[in-house]
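Hi,

Have a look whenever you get a moment.

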Amino acid sequence: MSSQNQEPQFIYDAYISFGLQLLHPFISGLYDALKSVGLHVLADRTEPKTNISDAIERCRVSIIVFTIAYAESTLYLQELVKIMECHRRKVQKVVPVFYCLDPSEVCNLSGHFGEILSRTLQGISRDENRMLSYGTALRQAASILPRFLPDIWNNREVMSHIVGHVTSLIDSTKLFIAKHPVGVDSRVQDLIQLLNNQKADGVLIIAIWGMAGIGKTTIAKALYNQIRHNFEVRRFVPDIQDGKGDYPIWLASKFKEERLLLFLKDQVKTKAQNFDSTRNIWWEGLRCLKVLLILDNMRSERELEVLPVIPECFGPGSIIIITTRTKHDRLHEIGVNHIYRVKEMDYNECVELFSWSAFNKATPERSFSGLINYAIEYSDGLPLALVGVGSAVSEKSIQEWENVLDSFKRLPFQDVWQVLKENIDSVGSEEKKIFLELAYLRHLFIGMNRNDISQILQEAGHNAAPRAIKGLEEHSLVWFDEDKLCMNRLLQDIGREMYMKQSSIEPQQRPYDVFLSFRGKETRSKFISHLYASLENAGIYVFKDENGLARGEKLSISLLKAIGESKTSIIILSPNYAFSRWCLQELEDIMICCKNKTQKVLPVFYHIDPSEVRNQTGKFGQAFDNLMKRCPDKIKGKEQSWRKALREVGCIAGFVIRKS
């Protein structure tokens, strides 16, 4: 399942050599821009443990940012000598950038740059060979074309040109996928099978869809690497975000289209005949070329609306891949032929990927087996989490592992939290509200039938629940297996935390000690009121249906929340208990909590025998049968699950209260 092969010659796509501070806006901006286009970038001082000399050997492209400060240090000059040595061996491309500096000063070792350099070289004046190697390396690097000349006024524009040039230099090589691409090959083969099943002369558009952190970008890069040689124009275009969400759509459209064409321009210009540099003709040039275009992380329908990504824009045999966490209706409108859902990793894949991250080998240490299983259960098949948690515990003792993993119980891993929270925040307000309630009441909703969930939510005031649930599916926040609700465990944890924060519920604070489930008409005055008062007098925090509900609040959702917040449920099973569908639904939910070991259950058999509950016989069974006959439409499909809950509670040892 893994594509762990011999380590490639290159492990970095680009290295940035610079004489500025790493936090300088130009250096940090260039670093982020290169990473955003899918490149694996190393900048000196970003990875303190890295041997820079060895790392330079493993880079496809070195970007040298010349500044006055570059001439002040022999460390920078020695680094430059190493870069030019790799360049001469034709194993590395070099991109010279002159930040607020005249290139002629570097070429001729003159001007202010030359003066600073002379003072620096005085310290090694006895080592003529070193002095000569520094001068030669400076002249050679400064003579390489094209040169880029950013200053404080044109940073962004020049930065875009540098990124475009670097990506064109490494286009003939493979994109960096992942350090340990476990499970990637099988998913890429699924996609290749889809491609092979389509007509070769048409334009094929495929969407790779899945939740945040599931590996969509990694799979898209691996697919690109395997098939890129078959295309005249090929580009991996990352995350076309413009930050202009408040701007008119025509302005956003112009910005995004120009950014996309910036990636394609060079190849279209060299491949298309009679190329004209105007934007209108760029698309005409594309229509006669076989194009491989991967648009990574398309987050909204708006982005698809403003980009002219339709089959008519590209030549026969072109393939367009879109990665997205949202299954938009717009995908079908632009002609998407197939939507490929990326599934979570299976157990064996999880073990291997986690082992690579934690132990730097494919198989785990046996002494850590229990903790490994917990870490894998916590990650729930999400590669982002497996790598993050594995890295967090790498090279740590068993005791340190326990401390790290225990901290994740209280608060999800921060890097994963940010990515998944962004996924949750991307949905509409009503969808988000419903998602947080589903996550908070996960012990009840997970595994529940879609129609039952919709009914409960609608009765709680969420009138558009069916549509909202469909929206959550499209945003990869939930899915249904045989019509039963499923949700990634990390999303459950994060959603629950978000709900409690919004509701001002502290995790250790408000769980009820006891939830009382009873049929009010026959037990309230004679038994429940006395039991409730006795529990309260003993300092036990009790929930019963007329206590703790806001005026006008729907009963069902409030009871669900109260059940979920209770440590123990006391169920008063009276003769007519089974004549109430609300009581039976409460009972079913309580037994789910009991089965999940989140709650203890204490049954009280009030004027009935436990066997009547277990077997639905006697007066208790008659009440149940009468309910089934009275409202068959409202309880359709519930009879068997309610009978099961009654059998289970009837087998629990409790209190039997006979008639006096």
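Asn488 sits in the loop that links strand E11 (484-486) to helix H23 (489-502). Please keep in mind that this is a predicted model. Is Asn488 buried or exposed? With a relative accessible area of 0%, Asn488 falls under the 20% cut-off, so the residue counts as buried.

The side chain of Asn488 has two backbone partners worth a look. One of its polar atoms lies 3.2 Å from the backbone oxygen of Asp380, and a polar atom of this side chain is also found 2.8 Å from the backbone nitrogen of Leu490. Setting aside neighbours within four places in sequence, Asn488 is in contact with Met211, Ser379, Asp380 and Trp479.

Ser379 belongs to helix H15 (residues 369-379), where Leu371, Ile372, Ala375, Ile376, Tyr378 and Ser379 are buried. Viewed down the axis of H15, the buried residues stay within an arc of 160 degrees, so they line one face of the helix. Asp380 comes after H15 and has a positive phi, near 50 degrees.

Now for the sheet. Five strands make up an open sheet with parallel pairing, in the order E6-E7-E8-E5-E9. Which strands stand at the edges? They are E6 (233-237) and E9 (338-341); each has a single partner strand, so one side of each has no neighbour in the sheet. From one strand to the next, the twist averages 15 degrees.

Within this sheet, E5 (residues 204-209) runs parallel to E9, and four bridges join the two. Trp209 is placed opposite Arg341 in E9. Helix H9 (residues 216-227) lies across E5, E6, E7 (291-295) and E8 (319-324), and runs at about 165 degrees to E6.

His87 counts as partly exposed because its relative accessibility is 27%, a value between the 20% and 50% cut-offs. Not counting residues up to four places away in sequence, His87 touches Gln92, Lys93, Val94 and Ile144. Arg60 is 27 residues from His87 along the chain, and the C-alpha atoms of the two are separated by 9.7 Å.

If you open the model, you could start with Asn488 and its contacts, Ser379 and Asp380 among them, and then turn to the five-stranded sheet.

Best wishes

Definitions and conventions:
Residues numbered from 1 in each chain as written. Predicted model: local features only at pLDDT ≥ 70, side-chain atom pairs only at ≥ 80, totals over all residues. Heavy atoms only, no water. Buried < 20%, exposed > 50% of the residue type's maximum accessible area, 1.4 Å probe, protein only. Arc of directions from axis to C-beta. Contact = heavy atoms within 4.5 Å. Pairing = 2+ DSSP bridges. Axes fitted to C-alpha atoms, helices over the stretch in contact; angles between N-to-C directions. Polar contact = N/O pair within 3.5 Å; in protein donor to acceptor, adjacent residues only side chain to side chain.
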